[in-house]
Amino acid sequence: MPPLRPPPPRLLLNNVSCMRNAQTVLRDINLSVHDGTALVLTGANGSGKTTLLRMLAGFSRPSAGEILWNGHDVTSSGVFQQYKLQLNWMSLKDAVKEKLTVLENVQWFELLEGKDGSRAGPAIELMGLGRLMNEKARMLSMGQRKRLQLARLLAIDRPIWLLDEPSVALDADGTRLLEYIIAEHRKKGGIVFVATHLPIEIEDSMSLRLPQRFPRRKTLVDLVH
Ligand SMILES: Nc1ncnc2c1ncn2[C@@H]1O[C@H](COP(=O)(O)OP(=O)(O)OP(=O)(O)O)[C@@H](O)[C@H]1O
């Protein structure tokens with residue numbers, strides 16, 4: 001019997017580089033990402049974390065190399081239409097509709113997906129916003145808005161999560177909840193990318209620290225130490 005081959009990675013980054021304004025932001029990134037994987041991206045401000053997430057989302061094309069999903073280039077037009085349905089993107093621009101209630105904000109995303117809106121309530125409850133379900137979103141604090149974004153992730157339920165600074169503004173409880181939903185998502189085979197400056201506990205995660213792009217100059221912080 002021939003030896004069993006490991007399954008091909010769900011996502012493969014082959015020598016991915018990115019230029020911005022004639023400067024190299026990312027150089028030769030290589031990653032194999034299988035179902036259930038979490039990757040924590042760290043690095044100084046401007047090191048390219050969001051840029052990499054945007055490329056993973058297919059929003060921008062690598063200037064060299066390729067990103068393959070099931071062996072197909074994610075930026076090729078036929079593939080992108082399918083690939084984008086796999087993605088749940090969460091960024092600092094939260095796209096929360098201030099005039100809608102918390103519930104409507106989540107249901108609206110679900111309806112855009114062609115779903116019936118029934119997952120919104122349980123997702124909001126899980127994220128600890130049950131008592132605010134019928135409040136207008138403009139009433140929410142920063143951390144509550146973040147929890148609302150996380151409720152949207154849960155309600156839409158796509159396999160690949162691209163999370164840019166997901167724990168900013170969350171309290172300790174909120175961060176634990178975030179860690180919990182990431183763990184549960186991975187148990188179902190979901191893939192999670194997290195770009196962060198804040199500590200986050202994700203069991204068996206891969207980590208990628210992007211190098212500082214420019215030699216560091218002396219800053220005020222150096223002068224006061
Ligand atoms: N739309 C753009 N056009 C040109 N350059 C850009 C654009 N967006 C980002 N950049 C540049 O790309 C580099 C990487 O930015 P990016 O936002 O990916 O960094 P980051 O690691 O996410 O930073 P931070 O920790 O501050 O969020 C920066 O030098 C930034 O100025």
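Start at the second largest pocket, which holds about 250 Å³ of space. A pocket here is an open set of points on a 1 Å grid over the protein atoms alone, where a 1.4 Å probe fits, with protein on both sides within 12 Å along at least five of seven lines; lining residues have an atom within 4 Å of a point. Volume is the space filled by probe spheres set on the points, joined across faces, edges and corners.

This is a predicted model: local features need pLDDT of at least 70, side-chain atom pairs pLDDT 80 or more, while totals for chains, interfaces and linings use all residues. Numbering runs from 1 along each chain as its sequence is written, and side-chain values use heavy atoms, without hydrogens or water.

Select Thr50, Trp89, Ser91, Leu92 and Asp164. Of 13 lining residues, these are the closest to the centre of the second largest pocket. Helix H1 (49-56) gives the most to this lining, three residues. Helices are DSSP runs of H or I, at least four residues; strands are E runs of at least two.

Next, the largest pocket: about 420 Å³. Select Leu87, Asn88, Trp89, Phe109 and Arg158, the closest to its centre among 20 lining residues. Strand S6 (87-90), helix H3 (102-112) and helix H5 (142-156) each supply at least two lining residues.

Finish at Ser167, in the loop between strand S7 (160-164) and helix H6 (172-187). Buried or exposed? Ser167 is buried, at 3% relative accessibility (buried is under 20%, 1.4 Å probe, protein chains only). Show its contacts (heavy atoms within 4.5 Å). Beyond four places in sequence, Ser167 touches Lys146, Thr175, Leu178, Thr196 and Leu198.

Terms used
Buried < 20%, exposed > 50% of the residue type's maximum accessible area, 1.4 Å probe, protein only.
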